[in-house]
Amino acid sequence: MAITYQKKLALFRDTVGVEEAEGLLEWFIKNPKSRVDLADCQHLHAANLQVLMAVKPVIAAWPKDANLRVWLESALN
Amino acid sequence: MNPLLEQFLAEARDFLQGIAEKLMQLENDPNSTVVMNELFRLVHTLKGNSGLFEFPEMTRVLHAGEDLLDAVRDGRVGYSQELTDRLLDAMDFVNLLVDEIESNGGGNGSDHGQNALRLAESLRQLIGVTAIADGGNAKASVAEAFQSSSAPNMPELPRLAELPEQQRMALYRQALAGDTLDTLLFVEYTPEDECFFKGEDPFHQVRQIPDIVWQSVRPRELWTASAELDAYHCNLIFDTLTTAAPEELYELFRYTPEQLRIVPLPPIVLALPHGDPNGGAVYGDFVTDALRRLDSGDMAGLESVARTMLELSSPDLWLASGLRWLLLVLELEPGNRHAQRTLIGSLASLTLPVWTTPETATAVEAVAGPGSGLVGEMFSDADARAFADILQAQREILGLADSDAWLSGRLNAAAAALAACHRRAGRIEALPALEAALAEALDNVEAAPLLAWLDAHAPLDLSATVGPEAAEEAEAAPTPIRNALIDVEPDNKFGRRAEDAYVGPKTLKVDQDKIDNLMGLIGEMVVAKNSLPYLASRAETQYGVRELGREIKTQYAVINRIAEEMQDAIMQVRMMPMSFVFQRFPRLVRDTSRKLGKEVNLVLEGENTEADKNIVEALADPLIHIVRNSLDHGIETPEVRRAAGKPPAGRLTIRATQEADRVHIEISDDGKGIDPIIIKRKAYEKGIIDEVTMERLSDQEAVNLVFAAGFSTAEVISDLSGRGVGMDVVRSAVEKVNGTVSLESELGKGTLIRLSLPLSMAVTSVMIVESDKQIFGVPMDMVVETVRVSRSVIRTIKKRQTTVLRGRIVPLLALNDLLAIGAEPLSNDDDELATLVVRVHEEHVGIVVDDFRETVDIILKPMAGIIGGLGGYSGSALLGDGSVLMVLNPRELV
Amino acid sequence: MKHILVVDDAATVRLYHRNILESAGYEVDEAVNGIEAMEKALQTPFDLYVVDINMPKLDGYGFLREIRSQDITQVPAIMVSTEAESNDRQRAYRSGANLYLIKPVKPEGLLTYIRLLLGVSTHIRPHLSNDKAIDR
């Protein structure tokens with residue numbers, strides 16, 4: 001699984017595919033005010049991106065991938 | 001594999017072949033515009049085709065090739081051999097891709113990206129310096145195309161200010177240094193709602209955009225609460241600013257260009273001051289002073305006061321940032337008063353400057369029409385956009401000069417298009433005026449009245465008139481038009497009535513196995529019909545019903561005719577032109593001769609001569625062998641040829657002709673020919689002939705020694721001043737399909753090799769002979785004649801029986817002896833021996849048998865299994881009465 | 001049924017367009033160059049032409065000029081081109097095209113344009129509204 005759900009933290013790793021988006025959204029609904037760790041994420045499918053944009057969680061860590069980070073900062077800040 | 005892809009692959013091969021041919025022709029005649037245009041067309045079309053699929057490597061290389069050829073065509077780049085070489089390399093690569101796609105069934109296998117880049121680069125290199133200017137043009141025109149399909153609108157870019165000022169300034173500088181002002185593109189990408197279900201990842205797609213300098217992602221509609229959010233309904237819009245070429249974007253988004261809006265931006269949009277706005281009022285005087293200097297054209301003064309002010313200001317202030325921009329604009333765009341004024345104004349108001357240029361300002365108005373109120377409810381956005389595009393196109397058409405002879409046709413057509421799309425849009429009330437305008441335009445032979453109508457009914461005005469009245473109209477109509485439009489689709493789709501003739505493709509692709517199967521069946525039928533004559537004779541002799549026997553024979557004649565026609569028809573299906581083999585030669589000859597430092601003109605004749613697929617395919621290798629030999633050993637280097645008084649370029653002719661049921665192929669060169677003395681000596685040294693034979697052999701016979709097995713060895717190749725490399729291989733390959741090969745050579749003048757092959761090899765005609773109460777078949781194409789030789793004229797020379805036939809000494813061999821049957825040949829009542837004269841390696845040999853029988857058509861089945869190794873037979877066949885006929889191979893027998 | 005002539009020397013492109021058009025219920029005929037297109041156009045009253053530019057014998061411009069000179073003026077023509085030729089748009093319009101599209105043309109886009117250019121409307125398909133009227 002490209003997303004690991006901890007207590008109040010969703011850990012994104014590698015490439016997060018389209019199929020994760022629904023689960024991610026449900027998790028956010030069940031766990032409001034959770035945070036997201038994107039450090040080891042290489043790419044996330046646009047569906048996940050829009051979930052993040054809609055939910056606006058706190059970003060615990062930005063991606064190490066510079067290109068992805070620039071994109072996500074412009075989308076989520 | 002889907003049919004479209006299959007079609008593409010088949011056509012791609014044809015095109016590649018055509019491209020190779022044209023390149024060869026161009027080499028001989030570099031100035032031919034006809035060939036050049038044709039070559040360009042082929043590459044161009046192939047590129048277009050590849051664009052229908054996801055083969056970026058192929059498209060990239062072909063695109064580069066097309067650009068290069070375009071440059072050559074326009075005279076921007078001269079023709080060179082280098083050019084042909086690189087293009088050939090590139091086409092080889094494309095060929096490879098085609099092969100791979102075919103074997104993978106569609107997937108473009110491994111990573112050829114590097115090669116594609118390298119090849120494209122090597123092609124573009126040849127376009128050289130001039131290419132840059134051209135690239136600029138292409139860019140501009142593509143950008144233009146984008147604009148025309150998606151009306152330009154100055155995007156709002158407030159967040160652009162988030163880019164560090166230094167970076168923006170560098171970009172601004174860079175953009176102004178470029179050839180065009182369009183080097184900065186604003187790209188707005190709005191994926192469709194349902195794109196996730198189509199396996200698309202717009203985020204991934206947008207991340208592929210090269211040279212992004214700024215990006216932002218925003219929702220199309222405000223986000224709903226998490227609980228109501230649909231994760232799989234795409235609600236994103238991606239904005240980017242890039243310095244990439246429009247072609248690259250077009251390539252990247254070629255499947256969804258309509259989801260893309262590209263607006264070339266004037267670099268000035270980067271000029272956005274930022275910083276701490278405190279302290280603005282203090283400098284009020286400066287603004288007045290600066291504007292006064294600007295108005296009076298005192299640019300030096302303006303620069304000077306701006307510089308002084310900047311030195312006095314803290315660099316973190318909004319003011320300082322604005323001044324830095326002002327100074328930069330004064331430096332790089334001294335003539336852009338509008339920009340300078342706007343910047344000064346922004347210093348006064350402490351708000352971001354709003355960058356609109358006159359063109360973009362009008363564009364904004366123009367685009368406001370179609371999407372919004374124009375046709376309201378009944379049109380989808382796509383319809384509205386298309387409607388606007390069509391109107392725009394007709395406007396452009398009507399705006400053209402009125403000078404062409406076919407002007408009235410063009411006006412009619414434009415009016416018809418306008419009428420059609422208005423009808424479709426439900427705007428029929430505009431049509432009478434359109435008709436009137438058309439009539440007037442035709443009378444006056446000018447477009448103006450139609451343009452006037454267009455202006456009066458253009459989107460801008462229309463949107464004003466579509467008010468409550470139009471809404472009412474839609475209300476009053478029995479069916480909302482929207483519904484009607486939706487219903488049109490299924491009606492069209494399934495409305496094909498039985499009487500609507502189906503126009504299918506005229507060419508069928510059939511698997512070769514199916515044809516082979518058909519061929520096998522007709523072969524069996526040919527054989528089966530052969531049983532009827534047996535039946536007829538049995539009816540006569542055994543049952544004594546002559547009448548029935550005769551009737552069977554009549555019926556047999558009918559069936560025989562049909563079977564033969566059927567066989568012919570199926571043969572025709574299998575026929576292939578010799579060009580299938582010939583087409584490789586231009587390239588082969590070119591490459592080989594250049595490697596050898598020789599000049600060779602290749603002449604191909606009779607490429608359309610057809611033969612059975614198997615024959616044509618079987619010919620490929622022997623022919624290549626012969627051509628190689630000719631190039632290696634026949635044709636001399638230009639120096640040698642000149643010394644011998646020949647033209648420096650050698651000539652190699654390959655000619656195919658059809659004669660009755662055989663195909664003849666002649667390969668001739670004007671090289672140095674074969675020296676019979678050297679051949680004799682070599683053959684003697686190799687132990688192929690003895691001393692006596694060496695003395696006795698005629699020159700022609702000596703030359704034929706090159707066909708002898710074991711003649712060719714590496715040693716021979718190196719020092720033989722003629723040919724003979726693997727000619728035995730050629731001979732056996734040709735004989736395998738019942739062909740013959742012969743060679744004539746004249747020392748110093750050249751060599752001619754003749755191949756003769758049957759048109760088809762599926763059904764063989766054999767003569768049945770009888771010996772010692774057994775029957776055997778002999779292929780008819782080897783039989784010269786059948787004679788009855790009286791014992792009295794048989795002479796024994798050197799223990800061998802011979803006779804003289806038509807002035808020629810013919811050795812006689814008894815079939816019984818050849819097959820080790822311990823019986824004497826039977827003679828007839830006149831003491832004559834039945835002798836079958838056959839041609840073996842251009843010599844006539846008489847084979848003595850007991851009696852001749854009829855000739856029959858059979859399907860020859862090669863000997864397989866244990867008897868496969870049995871020499872002297874070429875195969876077996878089933879006869880009409882069910883018996884098995886062994887077919888002899890006289891070549892091996894004698 | 002509306003009858004459309006696709007003129008292109010590339011069989012692949014012809015098939016591509018045929019697939020799109022037939023899927024939308026149009027009847028499709030093909031021509032491989034301007035000459036053949038001309039012959040067919042004079043024989044058959046097509047409702048629309050989809051024309052390539054670069055073709056042997058007679059190119060797309062030539063074909064359009066011919067038909068516009070020969071009184072085939074009511075039939076809309078869409079010219080399709082690859083991007084390299086996009087600056088030829090003007091030439092296309094001058095020759096008598098009604099619309100200039102860039103290859104590869106997206107199926108929905110092409111069909112939208114064609115529907116508009118064919119001017120299909122409720123007025124010529126009265127039977128369509130009948131059912132709806134009953135529904136009401």
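**Close-up views of a predicted two-chain model**

By the rule applied here, the count of salt bridges over all chains comes to 58. One of the pairs joins two chains, because Asp65(A) lies in the loop between strand E4 (58-61) and H3 of chain A, whereas Arg207(B) lies in helix H8 (residues 202-207) of chain B. The model is predicted, and the totals quoted for chains and interfaces use all residues.

**View 1**

**View 2. The interface of chain A and chain B.** The contact draws 29 residues from chain A and 28 residues from chain B, and the area buried between the two chains is about 2200 Å², with carbon and sulfur atoms giving 65% of that area. Across this interface, 13 residue pairs are found in polar contact, both residues of each pair being at pLDDT 80 or more.

**View 3. The side of chain A that touches chain B.** Two or more residues each are given to this side by helix H1 (20-30), strand E3 (35-44), helix H2 (46-55) and helix H3 (66-76) of chain A. Of the elements concerned, H2(A) gives the most, with 8 residues. Sorted by class, the side of chain A that touches chain B has 17 nonpolar, 7 polar and 5 charged residues.

**View 4. A nonpolar patch on the surface of chain B.** Met525(B), Val558(B), Ile559(B), Ile562(B) and Met566(B) form a nonpolar patch on the surface, and together these residues have about 350 Å² of accessible area. Helix H24 (residues 546-574) of chain B supplies the largest share of the patch, namely 4 residues, and Met566(B) is found in this helix.

**View 5. The surroundings of Tyr556(B).** Tyr556(B) is likewise found in helix H24 of chain B. When residues up to four places away in sequence are not counted, Tyr556(B) touches Lys529(B), Asn530(B), Leu532(B) and Pro533(B).

Conventions
Residues are numbered from 1 along each chain as its sequence is written. Chains are lettered from A and ligands numbered from 1 in the order in which they are written. This is a predicted model: local features need pLDDT of at least 70, side-chain atom pairs count only at pLDDT 80 or more; totals for chains, interfaces and linings use all residues. Side-chain values use heavy atoms; hydrogens and water are left out. Contact means heavy atoms within 4.5 Å. Buried area is the accessible area (1.4 Å probe) that two parts lose on being put together, summed over both. A polar contact is a pair of N or O atoms within 3.5 Å; within protein, one must be able to donate a hydrogen and the other to accept it, and residues adjacent in sequence count only if both atoms are side-chain atoms. Ala, Val, Leu, Ile, Met, Phe, Trp, Tyr, Cys and Pro count as nonpolar, Asp, Glu, Lys and Arg as charged, and the others, Gly among them, as polar. Patches are made of residues with over 30% relative accessible area and no salt bridge: like charges are joined within 9 Å, nonpolar side chains (Val, Leu, Ile, Met, Phe, Trp, Tyr) within 5 Å. Accessible areas come from the Shrake-Rupley method with a 1.4 Å probe; for residues, only the protein chains shown count as cover. A salt bridge is a side-chain nitrogen of Lys or Arg within 4 Å of a carboxyl oxygen of Asp or Glu.
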